[in-house]
Amino acid sequence: ESYDMGGHDTYMHKEIHEQVDAVDRVLRGRIDDRFSTVRLGGLNLDAREARGVRRVKILGCGSAYHTGLIGAQLIEELARIPADAEPASEFRYRNPVVDPDTLYIAVSQSGETYDTLAAVQELKRKGARVLGVVNVVGSAIARETDGGVYVHAGPEVCVVSTKCFTNTAVAFALLALHLGRIRDLSVADGKRIIAGLRKLPEQISEVLRGEEEIKKLAAEYANAKSMMFVGRVRGYPVAREASLKLKEVSYVHAEAYPASELKHGPLALIEPEVPTVAVLPDDDLLEKNRATLEEIKARSGRILAVAHQEQEKADHTIVVPRNEVELDPILMGIPLQLLAYHTALALGRDIDKPRNLAKSVTVE
Ligand code: G6P
């Protein structure tokens, strides 16, 4: 772990700021403007095979699992293949039905997480086709899978994943676009997504330029008893990951819920000491999400919104730049990495090595 700190106090801070270059790297050399698609050299899945895929099942642990939730949505939206994500450990212990028409995808930063590797081995034993979305080149999962997409985030030292999370989400967008263009995604939509992807590095730097503001917000929310994170559809995996990140690095208790599920239980927890972070992209669910903010306000809950425009009902809004709606989860997670970081800093935590956690869990 002797990588240069480059003037940053922690690896987490360094890695958050490296995302501009990291995203540029995962895109580099892969965009094919002529056919409005992407080239993924290591996929090892030809067009005919891609057309035969009836389902996609994504497996991973921790933050990798959360990128899988984003990946599944992207694959459903762009390629219109039913897709879902599941923690790798749960999958391998429940004697899953392994279906020859399902494409399995293992996702991992290190490529060494035991539960994910064991799921891959179980799948291979049963004759399934398994791809990897992996950061570390030549790692165990990269070797055991039939092909895949490297994430090219570069070395990630902090236990809490930031740049690798973002790059993995972008890698899934590339895979979804690739599968989509083989299937029913139009040239125009392919072009639209490609243009959106190209805007990401500059938009990430725009979000990072708002760090001072987020630092102030973190100081304001750092003493919360617990934090609630909510979102609908595209906002939900962002809420899941932001909640995990806050817990891991600051030890502040946090829960994530689909915004629509609040009224089925967690609303009972809402009070001024339990603020809510709401992820509200400017998509067709915005009005529903605004109604959720009203429900929270009616219970005197404080609200920090992450949105594309100021939210009247929220106490604070972090405004992120607009991109194509399908890509919203990628940008909306970034200010919440900074929120977790500055909360941990305000509470004096050991940011790069949170207690009880390891960067990669290579045992059961
Ligand atoms: C550990 C880390 C998590 C990470 C997970 C999966 O639990 O603490 O931050 O998300 O492993 O790691 P992987 O290397 O497979 O992505």
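In what order do the strands of the open sheet with β9 stand, and with what pairing? The order of these 5 strands is β9-β8-β10-β11-β12, with parallel pairing. Strands here are DSSP runs of E with at least two residues, helices are runs of H or I with at least four residues, and both are numbered from the N terminus. Two strands pair if DSSP finds at least two bridges between them.

The model is predicted: local features need pLDDT of at least 70, side-chain atom pairs count only at pLDDT 80 or more, and totals for chains, interfaces and linings use all residues. Residue numbers start from 1 along each chain as its sequence is written.

In the sheet that runs from β9 to β12, the edge strands are β9 (254–258) and β12 (316–319), each of which pairs on one side only. From one strand to the next the twist averages 20 degrees, with angles taken from 0 to 180 degrees between N-to-C directions and axes fitted as lines to C-alpha atoms, for helices over the stretch in contact. Strands β10 (residues 276–280) and β11 (residues 303–307) are parallel and share 5 bridges; V279 stands opposite V306 in β11. Helix α12 (residues 286–298) packs on this sheet, where it touches β8 (227–231), β10 and β11. The direction of α12 makes about 165 degrees with that of β10. Contact requires that the C-beta atoms of two residues, placed from the backbone, lie within 7 Å.

Another open sheet of 5 strands has the order β4-β3-β5-β6-β7, with parallel pairing. Strands β4 and β7 (147–150) are at its edges with a single partner strand each, so one side of each has no neighbour in the sheet. Strand β3 (residues 55–60) is joined to β4 (residues 83–87) by 5 bridges, and V56 stands opposite A83 in β4. With helix α4 (residues 62–79), β3 and β4 make a right-handed β-α-β unit: with the strands pointing away from the viewer, the path from the first strand over the helix to the second runs clockwise.

Helices also pack on each other. The axes of α11 (residues 235–250) and α14 (residues 334–346) come within 9 Å and cross at roughly 20 degrees. The two helices are therefore roughly parallel, a term for angles under 35 degrees. In α11, the residues A242, K245, L246, V249 and S250 meet L336, Q337, A340, Y341, T343 and A344 in α14.

Technical notes
Angles under 35 degrees count as roughly parallel, over 145 as roughly antiparallel, 65 to 115 as roughly perpendicular and the rest as oblique.
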